Structures are given as structure tokens and as C-alpha cells.
Amino acid sequence: MSLPTISRVPASGLLRSIRDLRWLLRSIAPLATPRRALTQMGYRRPGQPREDKPPWWRVKFDLSKGLKGMKRHFTLLKEEFFAQFIGPMGKPIIEHMLEQNQVLWEFRGPHSLQEWTISCDREIGGKSEIYLKVGRNNETCLLYGTLCSDPPKDGETRYSGYCTMRAKQPLASFDRKRYHDWSSFNTLHLRIRGDGRPWMINVIAETYYTHQKDDMYSYFLYTRGGPYWQDVKIPFSKFFLAHRGRVQDDQHELWLDKINAIGFTLGDKADGPFQLEIDFIGVCKDYAHTEDFAYEKYKRNPEV
Amino acid sequence: MAPFVYSTLIISLGLGTTTTFASTHWYLAWMGIEINTLAIIPLMTQNHNPRAIEATTKYFFAQATASATLLFAAVSNAFLTGEWDILQINHPLTSTLTTLALAMKIGLAPLHSWMPEVMQGLNLLTGLILSTWQKLAPFCLIYQIQPDNPNVFITLGLLSVIVGGWGGFNQVQLRKILAYSSIAHLGWMILILPFSPPLTLLALFTYLMMTFSLFSSFMLVRTTHINSLSTSWAKIPTLTACVPLILLSLGGLPPLTGFLPKWLILQELTKQDLAPIATLAALSSLFSLYFYLRLSYTMTLTMPPNNPAGTLPWRLNPQHNTLPLALTATTTIFLLPITPTILALFTS
């Protein structure tokens, strides 16, 4: 499409008499596509009205909820205080010395699903669906749904088609962040049963700066379709750094002392139903695995 | 890091400390400390991982705050007394402010909270420089402040000994344990400073030797977690036998070298009619001894739960130069019998 020619612009002397220049500008150059600020929290679908409510209007104040919350938080605080007398992180030191395996998430009942959150591109206007339920005999969890790669028709989104499940951030008393300390271990151990689709495992570590909040360390999880369970062991040295889904040039190993969450993402562009059954997620120490980091740390400005 | 850049930074570290040592004017001393801070920042960030960047940022904030406070105290002293000389800091307000600024520089309680997090984000070599070399310049200045009222030093010292012991109690990360150990030892040094500065120097040099040997040992074994200490017997058996002695020396047990400064400090405190403070300090050092013993137990007195036959590593010749470790480990373990010589050296 060609730009309008300059001859359509009125003479400069007339411009001073024009108060409303918007009609003039519209004909000369197209409006810039609005871009979201990087620090803007959350996503507002195009066409959705902005929320003009002040924050205190969005909170529902309830005395009984407040009292229950206070009781829960003070109970957690008391447990944390007395856990210090047992040992580091509430475990005796002998356990720290002897542990080689630790099961972190074990799906044994509906209560275990409270620690997880699921999401798909339906939030941005897509057509995928995702559900999480307890498996047969309350022994596993089943993540299932339908993947659809059709992008939402909002004129802005070009790609779509993802489903994800992520563990919630563990919280201490008064909603302080608590971290998983996996520094005694070097391998992620999962027992899963899939349908042959390739998944992505994401580990989210604690960061310091705001611009690092979308950093995650990812690796692939190839599932075998079929009735047999799959024991997957992925060393943490294999995880690579990605930011907002883009693999970074400057790679470094995953530091295991402050882990926030782990997640599974499906985005293989194969539309249709999917299923993933998980028995447990744990970590283990493989003494035979001595690799620090699997990828080369390239120098970005090498000396010539 | 390019060798030229690395050597420039190391030389800058040396320059900063030497400048502070050689200065009598507050501006020059402050400049030396700033050179030190700025020179170690790139060393801390040479690994581009988020924890190192976080550690560097926290270190920079803490040190910048302390430097600003120090400069403010020096300028205030010049305003109030007209003196820029380091030895002439006589006004009680400026003397206290200077002490607190330098306490934050070296990580004394209650201004210590940056220390464990910063140490945790660094590799062992940079942590060693932070624990040893970076303490020298601020200590040189603290040594020259002669307060009339020793209460500030006693409070800082006692708090540091208690916090250093209590904080390291439930740690499994070796770098954090070493950070709390550093805080506790600095507490001992500051405690005796108003009464006997030579003992502070003795405690400082002993601490530097012991910390150097411990850091070097952990670097050789390549371990940063208490769990991985248990496999060190398969890598370097001799070191596995020596490290408990180094740890117990840090804990202040006779007949090892670490007992010497603690003994003399307790003796001096008792002579100054501060027996309750001496008792508190001695009891608080038991906390530190507890986690040193825990490290010794894990490293030497237990076998790891893995199958040793399947995972014995190759015993290759070490690529690092082990002579400094050998020398410092020897002095850490065997120096107590020559106490009179050492005393004569420091008190003459």
C-alpha cells in the first residue's frame, strides 16, 4: 500500500489555522501499533475494556476469612520456628547427609492438585482446552485436554496453541516466598505416562531483577505412547536458559539452591487431544553424573 | 576473563588496600577502600549467572552505603574538629559513625545481613578474596580509631559472635557457613580491640590463615554443599584427614593454632573485669564449634551412602598449586607451641 502523496498536504500557512490536526495526520501516516510495556503485569485481551477499579475495590473484605488467615499464618510461623530446632529446613542433618532421592510432588488424592495451576491459550483468545484431575485410584494425576493452534482473531496475536501446568510457588507464613533447595541433587526424576507427544519441562529459579522474571530453564520431555510407565531422569546440567520462550545466547547452569516452581508445557503444533499422566516428580543424586553444564558458554565478543 | 583484565583487577585490589594502609588522610583511605570495592565487582560478575549478579548487586549496595557513611563521618569530623587525620577522630559522634560504617564494610552484626547471601552467590575463589583480602583495609582503619568509650566495640563484637554462631547453625551450604564463621571471628577481633589492639592483629592473621586453608581445601575438593563433602575421601584422602583439624582450629580447640587468639582474648577480657562478656563470648563460640564439628563429621567420620566401587573418581595430579594450602594448613594446625614467640612478635 503506498503512502499518500505530499501534494495532498495543505500549504504551511493554512496549517496554523487548523486546530484539529488529527484528520490530517491520519491520512499521512498509519497509526503505530500499540505495544504493551514490558513491565505491564498480566495480559489484557485486545478489545477487552480496561479495569478502572482501584485495588481496594477488588478485594473482598471478610472478617471470618481474615481470622482464618491469621490462624493459618501464625500456625505456619510456629512450625517454622520449631523446625529450626530439628535441623536445616526442618529436616535432621543426618537426612541431609544421607538423602539421595526426594519425592517432591506425589499425586495421591485431590488435595495434591491444589499445588498446581493449569493454563492454556484460551486466556489470550485461543481454542485449546486443558484440565487436571486425579487419576485412577487416586494414585496419579491426569493432565488432559485439546490443543488447537488457531490463533485468536484479534489482529495482534500471530501464534497460538499451548497448554501448560505449573506448580505454585511454595509460601511460608504471611505469604513469604519459600524456595526449594535442590543443591543436594543433580537429576530430575519423573514417572510419567504420555501419549507420544513432546513436552517441555520448565524449571523456574528465583531471580533478582524484574527483567529476569520470565527466565526459565527448559528441557524436552519425549513421551512414549502406550500403557507402560516411563521413568525419566534428566540431569539439571541439561537445562538451558530461555527468556519468554526464546533460547538465550548467554547460557549458564541452573543454580539449584532457590527453585520456585516446575512446569510442563505442550506446544508441538499438533492439534488434537492430549494426555499426560504423572505418578510423581522427584529429584535424585546421580554420583556418576559429573557434568556441570552441557552447553558451551560462548564468548560474545571473542578476541581476534 | 582475559588475563590482562584479570591481572589489572587483582593489581587494583592490591593497590586499594595498600593505599589505605599508607594513608593518613581520610580522603585517601576512603579512596583506597573504593578502589577495592570497584575492583572486586567485575571479579564477582565474571560468571554470568543470576545468583552471582544478585550477590554483586547486594555487595555493591552494602559497600556503597558504608562508604558514603564513612565519608560523611570523615567530613563531619573535619567540620567539628578541623582534623582530617585518621588518628584524630576524637568526636564521639563521628567516631561512632565511622565505627558503624566500617562494621558494615566488614560485615559485623547487626550490619551483617548482606554477607551470607553475597558469599552464596560467588565461586570459592572470589569468596576467599572477599573473606580475607577485603577485610584488611577496613580493619586498618578500625585499628587506628581509638574510642574513649569501648561500649560500641563490645556490643558489635558480642553481637557478631552470637549471630555468627547462631546463624550458621542450620546451614548446609558451605559458603554460607563460611560467611557466618567470618562474622563470628570478626566479632572476636572487634571485642578485644579497645583493650589490646595487638591481640586483634593476632586474631586477624590467625583467622586469615585458617580461612585461606579451609577455602583452598574446598576448592581442591570442588564442593559447596555439606552433602558433597562426604565423597572427598575418594578424591584426596590426605586432605580429608587434615580438614577436620583445620575446622577444629577454626573452632578454637587446643592444641591447634585457633585456640591461641581465643585464649589470649579471654584472658585479656578477664583482666579488664569483663568476665561476664568473656563467658558469653566463649559460650557463643560453642555454636560455631557445633557446625565445624558437623562439617568434620560429614567429611571424615562418615561414609557416603553411594556405592564406592562404582564411583571412585580418577586420582589425577592436582592442577592447582597446593603449596599455599600446605603452608597455611601447617600453620593452622601446629603454631600453638610457639605462642611466646608469637606474643613477642605482636607485643614488642
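**Figure 1. The two domains of chain B in the predicted model.** Chain B is divided into domain 1, residues 1-149, and domain 2, residues 167-304 together with 320-348. The structure shown here and in the other views is a predicted model. Taken over C-alpha atoms, the centres of domain 1 of chain B and domain 2 of chain B are 23 Å apart. Contact between the two involves 23 residues of domain 1 of chain B and 27 residues of domain 2 of chain B. About 2300 Å² is buried between these domains, and carbon and sulfur atoms give 82% of that area.

**Figure 2. The salt bridge between the domains of chain B.** One salt bridge is counted between domain 1 of chain B and domain 2 of chain B. A salt bridge joins the side chains of E117(B) and K176(B), with 3.6 Å from N to O. Three residue pairs are in polar contact between domain 1 of chain B and domain 2 of chain B, both residues of each pair being at pLDDT 80 or more. On the side of domain 1 of chain B that touches domain 2 of chain B, the elements giving two or more residues are α5, α6 and α7 of chain B.

**Figure 3. Helix α2 of chain B and its surroundings.** Helix α2 of chain B covers residues 26-44. Its 19 residues should span 27 Å at 1.5 Å a residue, and the C-alpha atoms at its ends are 27 Å apart, so the two values agree.

**Figure 4. Helix α3 of chain B.** The helix α3(B) has 32 residues. From first C-alpha to last, α3(B) reaches 46 Å, close to the 46 Å expected at 1.5 Å a residue. The residue that follows α3(B) is G82(B), and the phi of G82(B) is positive, near 80°.

Figure 5. S95(B) lies in helix α4 of chain B. Its relative accessibility is 7%, so S95(B) counts as buried, the cut-off being under 20%. Leaving out residues up to four places away in sequence, S95(B) touches I89(B), I145(B) and P147(B). S95(B) and R222(B) are 127 residues apart along the chain, and their C-alpha atoms are separated by 43 Å. The other serine, S284(B), is part of helix α13 of chain B. S284(B) counts as buried because its relative accessibility is 4%. A polar atom of the S284(B) side chain lies 2.7 Å from the backbone oxygen of L280(B). With residues up to four places away in sequence not counted, S284(B) touches V161(B), I162(B) and G165(B).

**Figure 6. Chain A.** The secondary structure of chain A consists of five helices and 13 strands. Chain A has 304 residues, of which 38% count as buried. Among contacts in chain A between residues at least 6 apart in sequence, 72% join residues at least 24 apart.

**Figure 7. The interface between chain B and chain A.** The contact takes 30 residues from chain B and 28 residues from chain A. Together, chain B and chain A bury about 2600 Å² between them, with 55% of it on carbon and sulfur atoms. The residues of chain B that lose the most area to chain A are R51(B), N170(B) and N227(B), and together they account for 24% of what that side buries.

**Figure 8. Salt bridges and polar contacts between chain B and chain A.** Three salt bridges are counted between chain B and chain A. The side chains of D257(A) and R51(B) meet in a salt bridge, at 3.1 Å from N to O. There are 15 residue pairs in polar contact between chain B and chain A, with both residues at pLDDT 80 or more. The elements that give two or more residues to the side of chain B touching chain A are α3, α5 and α13 (275-300) of chain B. The largest share of this side, seven residues, comes from α3(B).

Note on methods
Residues are numbered from 1 along each chain as its sequence is written. Chains are lettered from A and ligands numbered from 1 in the order in which they are written. This is a predicted model: local features need pLDDT of at least 70, side-chain atom pairs count only at pLDDT 80 or more; totals for chains, interfaces and linings use all residues. Side-chain values use heavy atoms; hydrogens and water are left out. Helices (H or I, at least four residues) and strands (E, at least two) are DSSP runs, numbered from the N terminus. The expected span of a helix is 1.5 Å times one less than its number of residues. Domain bounds come from an automatic or database domain assignment. Contact means heavy atoms within 4.5 Å. Buried area is the accessible area (1.4 Å probe) that two parts lose on being put together, summed over both. A salt bridge is a side-chain nitrogen of Lys or Arg within 4 Å of a carboxyl oxygen of Asp or Glu. A polar contact is a pair of N or O atoms within 3.5 Å; within protein, one must be able to donate a hydrogen and the other to accept it, and residues adjacent in sequence count only if both atoms are side-chain atoms. Buried means under 20% relative accessible area, exposed over 50%, partly exposed in between (1.4 Å probe, protein chains only).
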